[in-house]
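I opened this model to see how it is put together. My notes follow in the order I looked things up.

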Amino acid sequence: MNLVHHWLCSSTPWRHVLKREILPWVLAGVPLGEDLLELGPGPGLTTDLLRAMVSHLTAVEIDFGLASRLAGRLRNTDARVIQGDATAMPFAESTFTSAAAFTMLHHLDGPALQDRMFREVHRVLRPGGTFAGTDGLNSRAMRLLHIADVFTPIDPAALQARLEEAGFREISVDMKPGRFCFRAVAVK
Ligand SMILES: C[S@@+](CC[C@H](N)C(=O)[O-])C[C@H]1O[C@@H](n2cnc3c(N)ncnc32)[C@H](O)[C@@H]1O
């Protein structure tokens, strides 16, 4: 993440938006079960909210510094933070009851990597586990925010077919101004 982006994802206004708008919208009616996998926690504002909702949370963050800081901050909690790549995770098949990706898909460098992550999330979810997430739409503001950073926006119209290809069913995609969210069930 570039510096502006990093500041934004650690900020109090973002915390409030996550708590009041984004998490309630994305997770409405989603059965998380007891073992949630979070992809791309960044500074961990999403992790703070998610870990209050489940018994066990595992967060996978690719950035070494962010992963180390979050692991340190959550040292004495039930949450575990793994420094790793969401497109190739060190977990056995069918490990988790649910998975969540908040505003991280656009950080994967190209649609092929995003599709690889969808397949990987499907692999580590138990049968019937739900994958839920959200991301920003392609816009001038998002492109500016990602100067000198990876930005691979998702076309929400194509998402259902991509998730189906990865093995998900019961897929729904919802829109808000500037943002979409999705929910999909892993069928095995
Ligand atoms: C914009 S931040 C979102 C942080 C947080 N989820 C939120 O909504 O506030 C995206 C995060 O995804 C991480 N990320 C990008 N590619 C990843 C990958 N392949 N595996 C795991 N994390 C990744 C980035 O390092 C960054 O911390």
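The model is a predicted one. I began at the ligand and listed the 21 residues around it; G40, G42, A86, F102 and H107 come nearest. Then I sorted the shell by residue type. I got 12 nonpolar, 6 polar and 3 charged residues.

**The core.** I turned to the largest nonpolar core, which has 46 residues. Nonpolar side chains tend to be buried together in soluble globular proteins. Which residues have the most contacts inside this core? I found A99 and F131.

I traced the strands next. There are 7 of them in an open sheet, and the order reads β3-β2-β1-β4-β5-β7-β6. The pairing is mixed. At the edges I noted β3 (80-83) and β6 (168-176), each of which pairs on one side only. On average, neighbouring strands of this sheet are turned by 15° against each other, direction ignored.

**Helices on the sheet.** I looked at helix α4 (residues 64-73), which packs on the sheet and touches β2 and β3. The direction of α4 makes about 160° with that of β3. I then checked helix α7 (residues 156-165), which lies across β6 and β7. Helix α7 runs at about 165° to β6.

**Strand β7 and its partners.** Is β7 largely enclosed or open? I counted 6 of its 8 residues as buried, so the rest of the structure largely encloses β7. With β6, β7 pairs in the antiparallel sense over 7 bridges. With β5 (residues 125-136), β7 is joined by 7 bridges, and these two strands run antiparallel.

M175 has F180 of β7 as its bridge partner. D135 also has F180 as its bridge partner in β7. K176 stands opposite R179 in β7.

Technical notes
Residues numbered from 1 in each chain as written. Predicted model: local features only at pLDDT ≥ 70, side-chain atom pairs only at ≥ 80, totals over all residues. Near = placed C-beta within 6 Å. Nonpolar A, V, L, I, M, F, W, Y, C, P; charged D, E, K, R; others polar. Core = buried A, V, L, I, M, F, W, Y, C linked by C-beta atoms within 7 Å. Buried ≥ 20, exposed ≤ 12 C-beta atoms within 10 Å, placed from the backbone. Pairing = 2+ DSSP bridges. Helix = DSSP H or I, 4+ residues; strand = E, 2+ residues; numbered from the N terminus. Axes fitted to C-alpha atoms, helices over the stretch in contact; angles between N-to-C directions. Contact = placed C-beta atoms within 7 Å.
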